[in-house]
Amino acid sequence: MQHTENEEQKFNVRKLEISDKGKGFIELLQQLSVCDSVSNDEFEHRFQELSSLGEDHVICVIEDEVSGKIVATGSVFIEKKFLRNCGKVGHIEDVVVDSGIRGKQLGKKIINFLTDHAHSIGCYKVILDCSLDNKVFYEKCGFKQKEVQMVRYFI
């Protein structure tokens with residue numbers, strides 16, 4: 001799908017801002033997984049908590065400049081290790097593009113932003129977990145399957 005220059009300018013990746021709660025950020029996350037309503041106070045507290053981590057935890061968004069809504073998001077947090085000469089690993093999480101606007105390469109923009117961030121602060125790799133349905137998308141973004149994900153839920 002070809003995009004006009006004007007359309008490309010509508011969809012810029014930036015870091016999450018406190019005002020994004022009012023632009024549908026939580027509702028977008030609800031398209032990905034269980035995400036109950038979050039009060040303004042809860043949002044502000046978590047936002048400040050994550051902001052205090054600086055470049056070690058970055059949430060990015062794409063805001064549709066026409067509608068003013070958040071239409072894509074993802075995050076990366078940095079794990080500091082003893083392995084690999086005290087190396088760092090980026091973990092990409094919570095990537096979602098609004099179901100009504102998919103197919104415009106917004107997911108790829110989010111992944112590139114997060115991957116570039118991890119690389120720029122010295123990570124030796126970036127990893128993520130995804131469903132089999134999304135495997136081809138992530139392969140197109142330069143990822144390859146490695147090993148098996150395991151999980152144990154507490155709730």
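Start with aspartate 64, which is buried because its relative accessible area is 9%; buried means under 20%, exposed means over 50%, and partly exposed is in between, with a 1.4 Å probe and protein chains only. Before I go on, this is a predicted model, in which local features need pLDDT of at least 70 and side-chain atom pairs count only at pLDDT 80 or more, while totals for chains, interfaces and linings use all residues. Residues are numbered from 1 along each chain as its sequence is written, and side-chain values use heavy atoms, with hydrogens and water left out.

Where is aspartate 64 placed? The loop between strand 2 and strand 3 holds this residue. Helices here are DSSP runs of H or I with at least four residues, strands are runs of E with at least two, and both are numbered from the N terminus. The side chain of aspartate 64 reaches the backbone nitrogen of valine 66 at 2.8 Å. That is a polar contact, a pair of N or O atoms within 3.5 Å; within protein, one must be able to donate a hydrogen and the other to accept it, and residues adjacent in sequence count only if both atoms are side-chain atoms. Leaving out residues up to four places away in sequence, aspartate 64 touches Lys10, Phe11, Lys69, Val71 and Ile101, where contact means heavy atoms within 4.5 Å.

Next, threonine 73, in strand 3. Threonine 73 is buried as well, with a relative accessible area of 1%. Its side chain reaches the backbone oxygen of cysteine 60 at 2.8 Å. Among the residues that threonine 73 touches, not counting those up to four places away in sequence, are Phe25, Leu28, Ile59, Asp94 and Ile110.

Now the cores. In soluble globular proteins, nonpolar side chains tend to be buried together. A nonpolar core here is a set of buried Ala, Val, Leu, Ile, Met, Phe, Trp, Tyr and Cys residues joined through side-chain atoms within 4.5 Å. Which members of the largest core touch the most other members? They are Ile92, Leu106, Ile111 and Phe143, out of 23 residues. At least two residues of this core come from each of strand 2 (57-63), strand 3 (70-80), strand 4 (88-97), helix 5 (106-120) and strand 5 (123-128). Helix 5 gives the largest share, 5 residues. Apart from this core lies another, of 13 residues, including Leu28, Leu29, Phe47 and Ile59.

Last, the rings. Rings of Phe, Tyr and Trp (its six-membered ring) pair if their centres lie within 6.5 Å; planes under 30 degrees apart count as stacked, over 60 as edge-to-face and the rest as tilted. The count by this rule is 4 aromatic pairs. Phenylalanine 25 and phenylalanine 43 are edge-to-face, because their ring centres are 6.1 Å apart and their planes are at 70°. This pair links distant parts of the chain, 18 residues apart: phenylalanine 25 is in helix 2 (residues 25-29) and phenylalanine 43 in helix 3 (residues 40-51). Both phenylalanine 25 and phenylalanine 43 are buried. Tyrosine 138 and phenylalanine 143 also form an edge-to-face pair, at 6.2 Å centre to centre and 85° between the planes. Tyrosine 138 counts as buried at 9% relative accessibility, and phenylalanine 143 is buried at 17%. Ring pairs also link Phe25, Phe43 and Phe47 into a cluster.
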